[in-house]
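Please examine the sequence and the structure shown below before reading on.

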Amino acid sequence: MPLIEIKELSKVYGFGDATTIALDEISLSINRGEFIAIMGPSGSGKTTLMNILGLLDRPTHGEYKLSNQHVERKTKIAQAMIRRDNIGFIFQSFNLLPRLTIIENVALPLAYKGVYQKRRLKAAEVVLDQVGLSDKEYYYPNQLSGGQLQRVAIARALINDPSIIIADEPTGNLDSVSARVVMELLKEVHELGNTVLMVTHNPSLTRYADRIIYMHDGNIVYDESTAVGEVPKRVQKAVEALRTSTDDDKLADVSAMMEEMPEQLSIKPVPKKSKSKSKSKTKVKSTRKKGKKK
Amino acid sequence: MILEYFKMALASIRGSKFRSMLTMLGIIIGVSSVMIIVGLGEGVRGQVAQQVSEVSESLIVIRPGKQAPSRPFSLDNLRSNDSRTGSLSEQDWRDTEKVEGVQSVVPIGIVSGVASYDDVDYDSGTIIATTSPLPDLLEQPVEFGAFFTPEESRRQVAVIGRAVADDLFQEAAPVGKSLFVRGQRYIVVGVFAQQKQGTFAVLNVNNSIMLPYEAARELGGTIQLSQVYVEAEASRDVSSVAGNITERLIDNHAGQEDFTVLEREEALEATNETFYQLAVFTAGVAFISFIVGGIGIMNIMFATVSERTREIGIRKAIGATSQQILGQFIMESVVLSILGAMIGVAIALLSSVLIRVTTDLQPIITPRVIVLVSVIAIATGVTSGILPAAKAARKDPIESLRSQN
Ligand SMILES: Nc1ncnc2c1ncn2[C@@H]1O[C@H](COP(=O)(O)OP(=O)(O)OP(=O)(O)O)[C@@H](O)[C@H]1O
Ligand SMILES: [Mg+2]
């Protein structure tokens, strides 16, 4: 039984001439324990899909079954509680609360569950230790680097022991070294049995995934399981094929940085090495269809 | 969960102290100003009520001129000797003595002229012609010597107030010395004790020079009756005696009620009437200041909510329900208004101490007032917090996460 099952799911924004079909009758099923990388040009509907899967948003049409339960039409309260108990979000921009300490940030989801402060902070200590930030518990977010912040965000996503981790471009704001640390951590999380959905623009990061979905114009144009650690040739090809503009060199930069990245990284809580050497030697010019609107 | 909201509220208040202070300002000003006004009112009311109750219950005061029954009461109104239109005659006084239920009658006649001692004039005093029961009626003791007796009513004696002794004679007990009024010599036989400050006195005894009525009449000139004090018989109902007097005097005044018969109860009623008006006024002030305070809270809470859009988005994304966001923001205004109320109470208490020390006023801030005003303040805060909190709760998580704030 799949963990997530969506059928002919659509999301339409606006109406009349201004209608945007962000998701166009997508069907998809995801099993427990998968690590899925979702790629695709800007505006292809990746974030929209993540928001719907994370119950932050509702589809215009179609079905969404989570753990064999229809959730797409549940009340907002019910959805909030499912979100709290089953889904952990990791955002590109970290989204920590600046006025709370690191440990309070991590413990926050438990607060909304009604867990007492003592137990909450204890649980937060445990996950912070998992991401290797035990020494930063009482720092404030503005005292940490981007990579550290994203590790805090991962800890926060993990604290409720969710069934799904949704990460929308988790390395988008990070330099290559921090990105690598974060990815290794996500890999750890996956290896612990969590289901991870990750949106990325960086093809080389797909080697952490065991399944790759490629989206275009609100459709899934490519969906394949691969061995972890490989960037499938077809991804590269698809990326090349769908390349429509060259105005954005950001991805190329990322790839270049990945090449220069030291092979071995000392990641505190994750002593394992990556399972295979990086194959991300591909120079992908750009997958950007149009300038990404922020 | 409520405890949780409380902690979150404290955290975010601590996180932005200046804005929180600003939010509380309206409540602080509202609470402290209302409490000071109420406290001052209570203080004056207490003073007046005490003074009124010190007056003998059976005392009736007749004054010339008609006083509107609901005329605002004040110490000055009762104390002032100015006669309104109409006057009291000696006939009125004599007739009052004949009214049923009247125990004794004491006239207060103003004698024109200046008293002098050792060729020094005493300008600031009043020369009063009166009769012997006066000290009993006013419960005003004589400290040195004695008040003149009925037998002395034609003798040229005088009883003086404390201030006269001090200022004119420059000694504490000038008994046996004599003063002159219009060339006539009067021997001081008694000195009043200091009249209690701020007493419900219808007469300023301290600067009075009191002469026996008959003796004063022999001075020639007019004696103007500024008031007549009546003591009702103890067994009589004071109101009915007052009614009888009124009837009798209306006859004397050709059917015109151009005089006022006041009894203590009426004075008390007038007091209560005045303080009722004061209370209504205070309530109005309180109402306005709390509305202003509430609008202040609402304004700043709205600003806070838009400023914290992203925070709300994050909280929702990690699983806060709209209700929880609502609860959290309402709790913030609750905590802010409680804090504001507490600071307001503290300021009011401090100010009342300052007022006591620096002025004659004796503001009284009762626990009841503290509780009542705080409850109103907190209710105001909560009410004003509801709309902004609802706005926060309604925010769409995705929109909020996209926000720069
Ligand atoms: N609130 C909205 N109102 C109208 N249109 C929207 C809204 N949100 C998204 N869209 C549109 O839906 C489409 C899909 O957007 P989405 O954010 O899912 O793209 P994406 O794949 O995440 O892009 P990126 O890689 O830049 O993050 C876009 O055309 C976008 O303009
Ligand atoms: Mg996106």
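Predicted model: local features only at pLDDT ≥ 70, side-chain atom pairs only at ≥ 80, totals over all residues.

Chain B is built with 13 helices and 12 strands. Of its 405 residues, 50% are buried. When contacts in chain B with a separation of 6 or more are considered, residues 24 or more positions apart account for 78% of them.

Chain A has 8 helices and 10 strands. Its 294 residues include a buried share of 56%. Among the contacts in chain A between residues at least 6 apart in sequence, 72% join residues at least 24 apart. The accessible surface of chain A is about 13,000 Å², with 50% belonging to carbon and sulfur atoms.

The contact of the two chains may now be considered. The size of an interface is often given as the accessible area lost when the parts come together. Here chain B and chain A bury about 2,200 Å² between them, and 61% of this lies on carbon and sulfur atoms. Three residues, Ile314(B), Ile318(B) and Ile398(B), supply 26% of the area that chain B buries against chain A, more than any other three residues. The contact takes 24 residues from chain B and 24 residues from chain A.

Polar interactions are also present between the chains. There are 8 residue pairs in polar contact between chain B and chain A, and the count of salt bridges between them is 1. In that kind of pairing, the side chain of Arg120(A) meets the side chain of Glu4(B), at 2.8 Å from N to O. On the side of chain B that touches chain A, the elements that give two or more residues are helix H1 (2-15), helix H10 (309-317), helix H11 (322-358) and helix H13 (397-402) of chain B. H10(B) provides the largest share of that side, 6 residues.

Side chains of opposite charge can pair when their charged atoms come close. Over all chains, the structure holds 26 salt bridges. One of them joins Arg236(B) to Glu100(B), with the closest N and O atoms 3.1 Å apart. Arg236(B) lies in the loop between strand S11 (223-232) and helix H8 (238-252) of chain B, while Glu100(B) lies in the loop between helix H4 (90-98) and strand S2 (102-111) of chain B, so the pair ties together parts that are 136 residues apart in sequence. Arg236(B) is partly exposed, at a relative accessible area of 32%, whereas Glu100(B) counts as exposed at 54%.

Another salt bridge brings together the side chains of Arg162(B) and Glu143(B), at 3.2 Å from N to O. Because Arg162(B) lies in helix H6 (residues 162-169) and Glu143(B) in strand S6 (residues 142-145) of chain B, this pair ties together parts that are 19 residues apart in sequence. Arg162(B) is buried, with a relative accessible area of 10%, and Glu143(B) counts as partly exposed at 43%.

A further salt bridge is formed by the side chains of Glu218(B) and Arg154(B), at 3.6 Å from N to O. Both residues belong to a network of salt bridges that also links Glu90(B), Arg94(B), Glu97(B), Glu214(B) and Arg217(B). Glu218(B) is partly exposed, with a relative accessible area of 47%, and Arg154(B) is exposed at 54% relative accessibility.

The surface of chain B also carries a nonpolar patch, formed by Phe287(B), Ile288(B), Ile291(B), Val292(B) and Ile295(B), with about 500 Å² of accessible area together. Phe287(B) is located in helix H9 (residues 264-307) of chain B, and at 56% relative accessibility it counts as exposed.

Glu8(A), a residue other than glycine, has a positive phi near 45 degrees. Its place is in strand S1 (residues 4-13) of chain A, and it is exposed, at 52% relative accessibility. Asp161(A), also a residue other than glycine, has a positive phi near 50 degrees. Asp161(A) lies in the loop between helix H5 (146-158) and strand S7 (164-168) of chain A, and counts as exposed at 62% relative accessibility.

Terms used. Residues numbered from 1 in each chain as written. Chains lettered and ligands numbered in written order. Heavy atoms only, no water. Helix = DSSP H or I, 4+ residues; strand = E, 2+ residues; numbered from the N terminus. Buried < 20%, exposed > 50% of the residue type's maximum accessible area, 1.4 Å probe, protein only. Patch = residues over 30% accessible without salt bridge, like charges linked within 9 Å, V, L, I, M, F, W, Y side chains within 5 Å. Areas by Shrake-Rupley, 256 points an atom, 1.4 Å probe, with all protein chains shown as cover. Salt bridge = Lys/Arg side-chain N within 4 Å of Asp/Glu carboxyl O. Contact = heavy atoms within 4.5 Å. Buried area = accessible area lost by both parts, 1.4 Å probe. Polar contact = N/O pair within 3.5 Å; in protein donor to acceptor, adjacent residues only side chain to side chain.
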